Structure formats: C-alpha cells, structure tokens
Amino acid sequence: MRKDLDRGTYLDLYRYLLLAREVEGKVRAEFGQNERASLVPSVALTSFGEEAIGIGSALAADPKKDWIAIGHRAIGACFVFGLTPEEYLSNHFLRSFSPMGGRDGNIHFGFPDRHIIRFISHMGANVPAACGVADALKYVYIMEKTGEALPVVLCYFGDGAASQGAIHEAMNYAGARNLPVIFVVDNNRTAIGTPYEAQTGAFSIADRARGYGFHGEIANGNDVLDVYHRTRQAIERARFLSARTREIKTLNLLRAPSIIECLTLRMSGHNETEKVPYVNSQEYNEWIGRDPCGFYRNQLLKMKKSEILAKVLDPKERERISVPEFSEEELAGIDAEVKVMVQAAYDKAAQSSKTTIENVSLSVYPQKYVADNNPNHFDQEPTAAFSIINRKLTKEDREGTITLADAIKDALHMALENDPKVRIFGEDVCGAYGKKGGVFGITQGLPEKFNDGDFSGLSGVDRVFDTPIAEGAIIGSAIGHAIAGLVPICEIQFMPFISTCSFSQLIDMASTYYFTTRHPLGFVVRTAYGLGFYGGHFHSNSLTEAMFYHTPGLKIVCPSTPYDAKGLLLQALEEKAPVIFMESIWGYSRVRGQVDKNYYKVPIGKAALRRKGSDLTVVTWGARMYFNSVLPAVLETEKSGASIDLIDLRTLKPLDMAAIYNSVAKTCRVLIAGEDIANGGIAESIMAKIIQEYPYIRGKVLGAPDTPIPQFEDFYAPNMQKVLEAIEKLTDRRPQDYASDA
Ligand SMILES: Cc1ncc(C[n+]2csc(CCOP(=O)(O)OP(=O)(O)O)c2C)c(N)n1
C-alpha cells in the first residue's frame with residue numbers, strides 16, 4: 001500500500017464507497033424479488049462490487065477543474081463530483097424535483113456546472129464528447145495562460161462498450177490531438193451475458209493504448225487504493241504531456257491520454273430486474289472475498305503505523321512517511337452517518353411528487369423563434385443569383401456579387417474574428433499546412449490568419465484544425481466543445497458520410513440533450529450536400545436530409561442565396577441547439593448574389609417568399625431553387641401569365657408552416673419540390689401537414705428517386721421540365737405555353 005495520502009482522503013475513499021453501496025442498495029431493494037419495482041418504473045443498473053473503480057479514479061481528480069464522462073457502473077464518480085443521493089434516487093423515481101425533472105428514470109444525466117458529461121444508453125456514445133470537452137478545456141487553458149494545472153477528463157465505460165466504433169474513434173482522436181483524457185475501463189468480464197473472450201481477441205483493453213500512441217495499464221478494480229494511485233499518476237502525466245507540443249514532437253514521446261483497465265467481476269444480473277446468475281458459485285465465492293468495501297475497510301484497520309515504520313530502514317524515509325491509523329469506532333461512525341443521510345434522501349425522494357404530464361409537451365428547443373421584421377430577411381428575390389446561372393458570367397454579373405462558397409467563408413471569417421470561443425474543425429479544413437481549406441476550399445486562408453503558425457493539430461490553441469477521418473469523433477468533439485462552453489463549427493466533408501458513427505452522435509447524443517437535461521447545447525455542423533459532384537449514392541444523394549428532419553431537437557438550415565447563407569450561418573452560432581447547415585455542392589461556385597459586407601443575421605425558422613402570386617404555391621429549398629429547376633420554371637410560367645407564390649424554406653427544421661399555410665389558404669394548389677429522396681421525404685411530410693389542415697387542396701410532390709447515377713444527376717432530382725409539368729397539372733397550363741429555351 002502506498003502511504004502518501006492524507007488522512008482525509010483515506011476516509012473519503014471509504015465514505016464514498018459506502019455511500020454508493022448504500023444508495024444503490026435503496027434502488028436494489030425496490031426491486032426485491034419482483035420483476036418490476038414499485039418506485040422505479042424503468043430498469044436500473046447498479047455497480048455492486050465495482051464501486052472502487054468510479055470512486056478510486058474520481059477521487060484522484062479535482063472536481064473543481066477536472067471533468068468526468070460517466071458510464072453506467074461509475075455512479076460513484078458522480079457522487080464524488082457532487083451528485084447527491086437525493087438527486088440520484090429522485091431521478092430513478094421520476095420525481096419532478098429530480099435533476100432531469102422526471103424525464104429520465106435512469107442515470108442519463110449530465111451537469112456541465114458540476115463537470116459531469118451526460119451519459120446515454122448507447123454504449124460509448126459520450127466518449128467522443130468527453131474528448132471534445134478535453135479539447136476545449138485545453139484550448140481555454142492555454143489561451144488564458146493561468147499557470148494552473150491543465151484540467152483532465154476521466155471517461156468511463158465497460159469491456160463490452162470498448163468494442164464500439166465510437167470509442168475507437170474517440171481514443172484515436174484523443175491520441176492524435178494529445179488530449180488530457182483518461183479512459184477508465186470497468187472490465188467486469190462480461191457484457192450483459194457475453195463473456196470477455198467473445199467480445200475481443202485481445203489479451204487486455206489496456207494493450208490497445210500502444211496502438212493509439214499512449215499509455216495503458218491494468219489496475220485491480222476491487223482495490224480502491226490501486227485504482228486511486230494509478231489514476232493519479234495518469235492524471236499527472238496527462239496534465240504534463242498534453243500541454244507540451246514541442247517535446248511530444250521532437251522527443252517522439254507517448255501522448256497524454258491513458259487507459260486504466262480495472263479488472264473486476266460483475267457479481268449480479270446485468271440490471272436489477274434480472275435474477276440470472278452470471279458467475280458460477282466458485283467464482284462468486286472467490287470474488288465476494290474481494291468485495292471493495294470490505295476489502296478497503298480491512299486495509300484501513302490493518303494500517304498500523306508502528307508496524308509499517310518498523311519495516312522502513314532509512315530514518316529519513318521513516319520521518320517522511322505519514323501513516324494514519326483508523327479505528328473500528330471511527331469507521332463505524334462513518335457507516336452510521338452514511339446510512340442516516342441516505343435514508344433521509346430516500347424518504348424525501350419517495351415522498352415527493354411524480355413528474356407531470358406537461359413535461360411531455362415541453363419544447364425540444366431552448367429558444368422560441370423571435371419575429372424579425374427586417375424586410376431584407378423575408379422577401380428578398382434571389383434573382384441576382386439566378387440571372388447568371390445559366391449563362392457565361394459577364395463583368396457586371398460579377399460586380400457586387402459573391403458566390404455561395406465565398407459568403408460562407410465570409411461568415412466563418414467574421415465568426416472567428418468576433419468571438420475567440422469559435423473553433424472550426426473537420427477533415428482537411430486546415431490541411432496542407434493551412435492551405436487546403438477543406439475539399440471545397442471553404443476554410444482556405446482561415447488557418448493562416450487565425451492559427452498560431454502550428455498546423456500539426458498539437459498546439460492546442462488552433463482555431464481551425466484538422467481531425468482524423470472519423471465523423472463520430474468530429475461531431476462528438478463538437479458536442480464536447482459545446483458542453484464546455486465554446487462555439488464549435490465542425491465540417492462533415494460530404495453529407496452522406498454523416499451516416500458513419502456521427503449519426504449516433506447527432507441523433508442519440510445531441511438531439512436529445514436539451515429535452516432531457518434542460519441545458520442548451522449549441523453547435524453547427526456544416527456539410528456539403530446534394531448534387532453537383534456526380535458522386536451517386538456515396539457523395540451526392542440526400543438520403544440523410546429526411547432522417548434528420550425526422551429527429552426532434554435538431555435544426556436544419558439549407559440556404560439558397562449567398563445573402564442567406566452568411567446570415568443564417570452567423571445566426572446558427574447563437575441557436576443553442578445542434579444546427580445542421582447544408583451547403584449545396586452544386587451551388588458553391590455557381591450561385592452568386594449580393595451580400596451585405598457587415599455582420600448580420602438571418603433568423604432561423606423563417607421562410608422567404610421569393611415571388612408573390614395567387615394561382616399556385618411552390619415550395620422549395622436550397623439548390624433546387626436554381627439548378628435548372630424551380631425558379632427557372634416559375635419565371636418561365638410567369639411569362640405566360642401564371643401567378644405563383646414561391647416559398648424558399650431556408651430552414652427545414654423548425655419549419656415555417658405558417659408561411660406555407662398562409663399561401664395555400666389563398667392559392668389552394670401547392671407544389672413541393674425537394675432534392676431529398678421522395679419516398680418518405682420532407683416534401684411528402686409537408687404535404688401531409690397541409691392536407692390535414694386544408695383537405696380540399698390540390699397538391700403535388702417532387703423529389704429524387706431511390707437510384708442516383710452519377711452522369712444522370714440532372715434527371716435525378718426535380719429538373720425544370722418536371723417542375724413545369726407539375727405546374728401544368730396543378731394550374732391546367734400546357735408545357736407548350738412556356739418558352740423552351742430557358
Ligand atoms: C450501442 C449499444 N448497443 C447495445 C446496448 C445494450 N447494452 C446495454 S448494456 C450492454 C452491455 C455493456 O457491457 P459493458 O460495456 O461491458 O458494461 P457492463 O454492463 O458489463 O458493466 C449492452 C450490450 C447499448 N446500450 N448500446
């Protein structure tokens with residue numbers, strides 16, 4: 001046993017072990033022999049016999065500056081970081097005064113103010129976010145030059161979760177960016193019922209650390225002191241190495257993160273409803289003798305100063321060593337104190353009122369849309385952009401206009417200049433020593449202006465940085481940056497690539513965040529979408545558009561004009577919600593328009609009426625406005641007298657249904673044309689809403705078929721001909737009424 005702890009820490013370790021045991025005991029008792037517990041409507045996972053892992057490691061950290069990303073067996077770490085027994089129990093009992101307002105019933109909580117990163121059911125999903133928090137903390141720490149020790153993030157998960165792609169991406173990201181993260185693995189040798197040997201062929205999870213370029217070691221997960229000391233060392237190492245870019249590069253040192261794999265055994269069912277024995281009786285009997293609470297109690301009682309000092313030969317060393325002694329009475333006093341405290345918490349939680357049904361209709365967004373009556377924002381005609389897309393540009397065309405790509409770049413530039421909390425990251429956004437600027441060149445020039453001259457990604461203060469090719473880690477990092485209070489803008493190179501690990505980050509981690517925790521989570525995911533790259537299924541389809549549209553809690557922005565692109569992007573930074581910002585690949589260089597040179601914002605959630613009419617409502621968004629599609633067709637029909645309300649949605653979520661209803665109530669006919677897959681797509685969904693309000697409406701929906709083929713992009717999504725035909729059907733006009741040379 002090491003002896004460099006103070007007396008208070010020895011006792012804290014004991015107190016927290018007992019606290020976790022006692023609090024979780026209350027939940028266990030609720031289940032008794034029954035399948036369903038009286039006060040706990042959901043399942044409950046406890047850490048019986050594994051408490052030493054969360055507690056030993058968390059007590060090695062400093063809750064004032066360090067953070068934890070919890071796992072389902074690490075509840076003890078939460079108590080160390082300030083979770084109260086009352087909060088834990090009331091959350092399980094769905095009480096309205098509980099931290100999640102009774103919206104959870106489990107341990108899916110997070111408290112940024114207490115440095116606890118939220119856990120969700122999806123194994124490993126919060127680990128990329130933990131790395132994002134570490135990245136953000138390091139950035140702030142180096143920027144502020146406080147001279148204090150660098151904060152670290154402890155990240156908890158099990159041997160089963162360790163098989164998740166999100167965890168691989170996160171570990172690789174942490175190594176690549178030399179982040180102060182400690183991965184604390186609770187290896188209880190089984191994942192529900194799957195034994196460790198069926199989970200992986202690797203001898204240990206700690207071994208993987210070498211592959212990521214950092215340190216890994218194995219701890220005795222039932223010995224709280226062993227876990228404490230190993231974590232402590234790992235924390236010191238992380239604090240030291242993470243801030244030292246130069247040494248890491250020149251000396252080729254191992255990087256700052258560590259894996260501490262804590263070996264233990266799960267002593268009961270996977271959750272409290274299960275009565276299945278997962279271990280055989282021989283194993284059980286062996287491990288019950290190693291129970292962390294009893295084991296540590298004995299360690300404390302056996303710690304006799306005189307006996308230990310008698311074995312130390314060096315007199316100086318004897319003087320230095322401090323060995324506190326503990327009596328049975330003192331520990332019994334703590335036992336009693338913890339029991340009383342937990343009973344009081346239980347009584348309060350059990351007797352308080354349950355959550356109310358009103359919680360069900362709470363908004364998934366922290367901010368309501370606030371009306372903005374600036375006429376520029378609503379009725380601006382996109383004709384400047386349109387008038388030049390189907391012919392060679394003249395000098396006049398160029399004068400006073402910029403491309404969609406340049407408008408986005410302008411917004412990013414202003415965002416970085418305006419607020420030091422803004423960081424931009426993604427694949428190749430820095431690239432080629434700061435010269436690449438992403439595959440579409442949107443961030444070109446920004447690293448050179450805003451970074452510190454180091455493009456390696458290791459400096460910690462880079463405002464614009466490259467990430468590994470790991471979309472889950474990228475969006476997870478954005479979530480973490482946001483949790484830590486920064487303003488992240490990440491780039492996903494092509495929208496279809498979002499389907500890798502980042503899908504879970506957006507749909508499971510980010511979209512649910514505000515509703516459950518009531519803490520806003522604001523970040524922007526810029527992504528190039530749709531046609532224009534001739535990439536077929538894998539670069540150019542818009543499959544994910546409708547998937548995100550279907551997900552509560554996200555916002556989706558899809559500008560068609562450079563003016564809107566700049567204003568909407570600057571507004572997106574203030575949304576306090578995850579915003580997917582769709583940038584048309586086709587439109588990047590082809591769509592031009594006038595843009596205000598100043599900093600301005602365009603409200604999110606508000607459509608624009610581009611043409612005013614009375615015969616028909618046409619609804620579209622993004623590049624479909626142009627691309628030889630909706631606007632050309634509308635202008636063509638106008639030549640022969642058609643009168644059309646053309647609505648540019650600009651924001652797909654939240655959707656401005658009021659603008660659509662206003663128009664269809666007048667025209668009674670509607671055409672909705674999008675670039676996403678028609679089947680189950682956004683256009684169909686909008687049409688369903690309209691029909692429910694106005695059953696007599698005549699309507700038509702246009703979208704893409706299921707089968708993108710690169711060379712037929714012009715026929716894939718609604719082209720001008722299809723739009724003209726649809727307008728004809730809805731307004732009883734014939735195609736030959738329109739000029740054919742547009
Ligand atoms: C992504 C995902 N897949 C499956 C599950 C279902 N599930 C819940 S806990 C669990 C086992 C996790 O094992 P491990 O990480 O070793 O933790 P343990 O429960 O053994 O402590 C599984 C498969 C899940 N929650 N998340």
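This is a predicted model: local features need pLDDT of at least 70, side-chain atom pairs count only at pLDDT 80 or more; totals for chains, interfaces and linings use all residues.
Figure 1. Around the ligand are 16 residues, and the closest include His72, Arg73, Gly160, Ala161 and Thr190. By residue class, this shell consists of 9 polar, 4 nonpolar and 3 charged residues.

Figure 2. A polar backbone atom of Ser121 is 2.8 Å from a nitrogen atom of the ligand. For Met123, a backbone N or O atom lies 3.1 Å from a ligand nitrogen atom. A side chain takes part at Asp159, where an N or O atom is 3.0 Å from an oxygen atom of the ligand. The ligand taken alone exposes 580 Å², and the protein buries 73% of that area.

**Figure 3. The annotated segment 402-590.** UniProt, in an unreviewed entry, lists residues 402-590 as "domain: Transketolase-like pyrimidine-binding". In the model, this stretch of chain is 39% helix and 17% strand.

**Figure 4. A cis peptide bond at Pro654.** The bond that joins Lys653 to Pro654 is cis, and its omega is near 0°. Most peptide bonds are trans. Pro654 belongs to the loop that runs between strand 20 (651-653) and helix 29 (657-667).

**Figure 5. A positive phi at Asn252.** Asn252 has a phi near 50°, which is a positive value in a residue other than glycine. Most residues other than glycine have a negative phi. Asn252 is placed in the loop between helix 10 (245-251) and strand 8 (255-263).

Conventions: Residues are numbered from 1 along each chain as its sequence is written. Side-chain values use heavy atoms; hydrogens and water are left out. UniProt positions are given in the numbering used here, feature names are shortened, and annotations may be inferred rather than shown by experiment. Helices (H or I, at least four residues) and strands (E, at least two) are DSSP runs, numbered from the N terminus. A residue is near a molecule or strand if one of its heavy atoms lies within 4 Å of it. A polar contact is a pair of N or O atoms within 3.5 Å; within protein, one must be able to donate a hydrogen and the other to accept it, and residues adjacent in sequence count only if both atoms are side-chain atoms. Accessible areas come from the Shrake-Rupley method with a 1.4 Å probe; for residues, only the protein chains shown count as cover. Ala, Val, Leu, Ile, Met, Phe, Trp, Tyr, Cys and Pro count as nonpolar, Asp, Glu, Lys and Arg as charged, and the others, Gly among them, as polar.
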